Amino acid sequence: WTAKAKKLVPSLRLAAWEGEDAAAEVATAGVRKSKVSDIRDHIARAASIRERLSLSPEEKKNWVLDAEATLILIVKNADEWFKKYKPYLEGDNRRNQARCCISVKKLRQIVDEANAIPANLGNAMIKINRIFSQAEKWMEKHHRILVRCGIDCSVVRKTLPPPSQASGGTWATRVELQNAVSTAASDVPVDLEEALELQHILDKVQDWFDRATIVAPKRSTRMRKNRGSAAQEKYSLDELSSLVEEASILPVDTGEELERLKIQLSMVQSWQLQAQRDMRDITNTFHVMRKERTACYGAPDRFQKRNNVFDEASGLPGPVKVPSALKAIGGNSGN
């Protein structure tokens, strides 16, 4: 029994399992892992041997074969791994209604924990390792776009450009964002949290472009709208300014639309300044006119009292006495 136990878990692997660097030692050993089912069967044989011994129940309980405790620990950790990550290990994740959501970082954690167990975990390990490889390839392929959008790509095992270099250069485009989101759905059989975050960013980008196109449409679009009968929707100066500010935080090229918005904003601000000047001039003119009228006719209440003369026969106000200064302005008509 002990000879087979050592074949199931070689001495190098046994030493690694008892230490802190189990995963690294097992990985570098290059030995083939035994199936968990074989280890479980071998533990059952140890229990059978123990039952045949002429010992008291207490002595049987304390009697343990060489390496038996290690085999039990391996099976225990394997069972805990299966239980802990059951939602990701069972079912067909390729079906849309059964797809689970997980991050690439979590996938790597699952794979690393499985590699640290010196046993062959079977199809479950093959499945999760395949999913992680697919997710990792997707992240490598769209690394520049992900970094540009502020999504962490440090879990990728392949050496990639540092974030400062990856995010430099040309901006991402909406087409590239859409392609990254669609390939994540088609190439990886789970919903990656990074892809969902990218979809959220894409939705924000698309919403900004839609609003920018309405507020500051292209010349051809404006000409078509001018020919139509529908009235164009109006936007406030605050909304226009907000669009210009939002452009700076978007991870895509907004150059053309942003330029139209800035031109529109400049035109509105110029009109606003001119309108303020015109209103100030009009207000000042009315103030001067009021002073002149007050000097000519007196205060409004005195003018009304002086001219509130009723014709006793008709009961209607009599004719207003027109000052000579007003007659000079009105001409010979006296009106």
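**Entry 1: counting salt bridges**

I searched the whole structure and found eight salt bridges. I am keeping in mind that this is a predicted model. I picked out a few of the pairs to look up one by one.

**Entry 2: Arg40 and Asp79**

I started with Arg40, whose side chain meets that of Asp79 in a salt bridge, with 3.0 Å from N to O. Which helices does this pair link? I found Arg40 in helix H4 (residues 36-51) and Asp79 in helix H6 (residues 68-84). The two residues are 39 residues apart, so I noted the pair as a link between distant parts of the chain.

Next I checked how open each partner is. Arg40 has 37% relative accessibility, so I wrote it down as partly exposed. Asp79 comes out at 33% and also counts as partly exposed.

Then I moved on to Asp207, which forms a salt bridge with Arg211. Their closest N and O atoms are 3.1 Å apart. How many residues apart are these two in helix H13? I counted four, which is about one turn of the helix, and noted that H13 covers residues 193-215.

Asp207 is partly exposed, because its relative accessibility is 40%. Arg211 is partly exposed too, at 25%.

I looked at Arg211 again and saw that it also forms a salt bridge with Glu246, the closest N and O atoms being 2.7 Å apart. This pair links distant parts of the chain: Arg211 sits in helix H13, while Glu246 sits in helix H15 (residues 237-247), 35 residues away. Glu246 has 23% relative accessibility, so it goes into my notes as partly exposed.

Is Met279 buried or exposed? Its relative accessibility is 52%, and exposed means over 50%, so Met279 counts as exposed.

Methods. Residues are numbered from 1 along each chain as its sequence is written. This is a predicted model: local features need pLDDT of at least 70, side-chain atom pairs count only at pLDDT 80 or more; totals for chains, interfaces and linings use all residues. Side-chain values use heavy atoms; hydrogens and water are left out. Buried means under 20% relative accessible area, exposed over 50%, partly exposed in between (1.4 Å probe, protein chains only). A salt bridge is a side-chain nitrogen of Lys or Arg within 4 Å of a carboxyl oxygen of Asp or Glu.
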